[in-house]
Amino acid sequence: MLRPIINWFSQLAIAARFGLSTIPERKGASAAAAFGIGGVVAVFLGTLSIGQGFRQALAIAGTPDTAIVMRGGADTEMVSFLSGEHARLIADAPGIRRTDEGAWVSSELFVIISLPKRPKFTDANVPLRGVQQAAFRIRDNIRIVAGRRFEPGRNEVIAGVGAAREFAGLELDSELRVGRNTWKVVGLFSADGGLPESEIWTDAVVLQEAYQRGNSYQSVIARLESPEAFDEFAAALAADPRLNVKVIRQTDFYFEQSRVVYNLVTGLGSIIAGLMGVGAVFGALNTMYSSVSGRTREIATLRALGFRGGPVAASVMLESMFLALAGGGMGGLLAYFAFDGFRAATMNWQSFSQVTFSFAVSPALMLKGLIYAIGIGFLGGLLPAIRAARMPVAAGLREP
Amino acid sequence: MKYAPLVLSNLRRKRLRTALTLLSITVAFILFGYLAAIRVGLGAGVQVAGADRLFVRHRVSIAQPLPISYLDRIKRVPGVRAAIHQSWFGGIYQEAKNFFPQMAVDPEPFLEMYPEFILPEEQKLAWLRTRNGAIVGRSTANRFGFKVGDHIPLQATIWRRQDGGVMWDFEIVGIYDGADRGTDTSQFFFWYEYLEEGRAFGKGLVGWYVVKVDNPEQAAEVAKLIDDEFLNSSDEVKAETERAFISGWVNQIGDIGLIMRAILTAVFFTILLVAGNTIAQSVRERTQELGVLKALGFTNRQVLFLVFAESCMLSCLGGFLGLGIALLLISAGDPTGGALPVFYVPARDIVYGACISVGLGLVTGFFPALRAMRLEIAESLRQA
């Protein structure tokens, strides 16, 4: 029972070693195929890393135990409106984390201002957020990396490091003129690469005055006792007849916010990678067919010696997949070194403002790339393998 | 032409390889088509129709509204021929993912400002007398199957109604086409007065102004005059040409467009390299036969021509096939489900593509052809 299986594999091992060891003799064609597949994988990962990085920047910003409250019907903070009275009601709701420092809740304003975007210095929409002091507790990955925090009530801002990098005029100690107001940049902050790094922060009260908003806000951000407390919190707000608000978990909110850009990039990226994959399959087919036809006599000899069709075909597949794996590995590394961490800023269509982020070639993405490469190798090797298995022995032996 | 059978039989001799090479060239040119369409879609190639139009927005940001009283003041600025206002509505049609831009305008001056939106006369008249009437561009109409006479409910994200509701009803009274393929026909326009009367707050505010100048060459000067007109008011403005505004927009989308294009270009040439290598290889393998041809009395030039004919035939066939398929696929719509306002291959890029496919044939054929021409008969016949 076991014997035929062992036999099959030992035949495969011999045939495969034979095939692989002769790759150097066909190095031109083999390199072209591997190179082609490597290119496909590099591009596949490169485009997907844009969408991945964008989504990651927003994902890092969200935690499941944080809720964001906006006016009912509003899908972004930009279009939301909450009166001071409503904001107070929301801050009193059950489920919010409360410590000695007070409730972990921040009523916020969100506006966009035009700043020159590097390198062309054309105007771009940069988010300016007015926050209360609890905002620093709620978003606990905020770190001041230069200068200090703004002081409540003063015309001071702090800028995210992403914003400071991409837009002109946010250097430490520089003056930021918005309408008839002038703010001083007193600090720069990081947020583990997350969304807040794209923003400029100031005191909510200062922003209310500057924008003549009276005592009104656009959103309330609350850190809850636990992720499970969300339901209680949301139910309490829904049950309050004085409020008409939408409560959404911060992670869901940011996931939704990244949808358009993510779909755009991955949609285009998948089409490109799909087409290229087809091209690479042709390349691999070409290589493997010439590999098989170049070894016609050797394969026929193996068959004459009693090797069966299966192991011979499998050895051709192995060779093809080996080339694909080598190419895919190269492509993956290339993509990693070329794209991972590449910093960029783009328009988030949904919030109508700029988001700075880094391309991310994650291990999961690399694995996807390798699987894709092996798939190409598999398809490229299949038909040539069948041809090798079906080759008439006598005719093959006569080949020059 | 009499060599055509010879060229064809050379191509036929390893049919599989010929077919595979042909297909990979085809794929490369399909990619090329997408490259061109993506560039247009992301705005880099947008040909702005109105060089005489200025875009006037709040200096702080485009999201800050401006008072409607600015309209008359802008019209009085020297060099201004006409001015209109637009306001962003931002409504949701059924679901958030069905996004298309909706703008409140004054219909008559609006249509005069944008001659590139082509609306049948009777639909225009219908719009002028229908208070909740709206016109929609062809691409959005096709996307959702809107027809004249349909009632479209939009859920407001910003403009709550006076009665507290958020649903606004619009009647489609017209569907406009673009004057050329580069015209964005994804937008939906309706009466500003309908919005103004119905909304609960924000009365007397508009989103931005669009200005037509008398002389496009003085656009920059007029923009400066408009900026100065509102200097030191509570709502300062920034006026710039429509072209500058769009190029700023492209810069906002930023590196992503650039990178996708760079990647596609790299891929395109990689595929061509691999295909070219195959063509060259197939000629190399036939060294002996070329020697035979020469022995039969073919001149050096004829051999050169034969090799070139073969490589060019392959690349042109693949190239044209690829461009054709790309045109077909791209005309079926963009792959992102409406995120790109326009998606088509400009005529210029089709010509480029055709030139590249001929160029590919010449380049890949060059070294093999040169070698074939210089081949010594005796030498080549020995190479068995």
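Predicted model: local features only at pLDDT ≥ 70, side-chain atom pairs only at ≥ 80, totals over all residues.

Student: How many residues of domain 2 of chain A are in contact with domain 1 of chain A?

Tutor: Contact here needs C-beta atoms within 7 Å. Domain 1 of chain A puts 12 residues into the contact. On the side of domain 2 of chain A, the number is 16.

Student: Which strand gives the most to the side of domain 1 of chain A that touches domain 2 of chain A?

Tutor: Helix 2 (27–61), strand 15 (343–348) and strand 16 (353–358) of chain A each supply at least two residues of that side. One of them gives the most, with five residues: strand 16 of chain A.

Student: How many charged residues has that side of domain 1 of chain A?

Tutor: Sort the side by class. Five residues are nonpolar and six are polar. The charged count on this side of domain 1 of chain A is one.

Student: Turn to chain B. How many residues of domain 2 of chain B are in contact with domain 1 of chain B?

Tutor: In chain B, domain 1 is 4–45 + 254–382 and domain 2 is 60–235. Their C-alpha centres lie 47 Å apart. Domain 1 of chain B brings four residues, three nonpolar and one polar. From domain 2 of chain B, the number in contact is seven.

Definitions and conventions
Residues numbered from 1 in each chain as written. Chains lettered and ligands numbered in written order. Contact = placed C-beta atoms within 7 Å. Helix = DSSP H or I, 4+ residues; strand = E, 2+ residues; numbered from the N terminus. Nonpolar A, V, L, I, M, F, W, Y, C, P; charged D, E, K, R; others polar. Domains from an automatic or database assignment.
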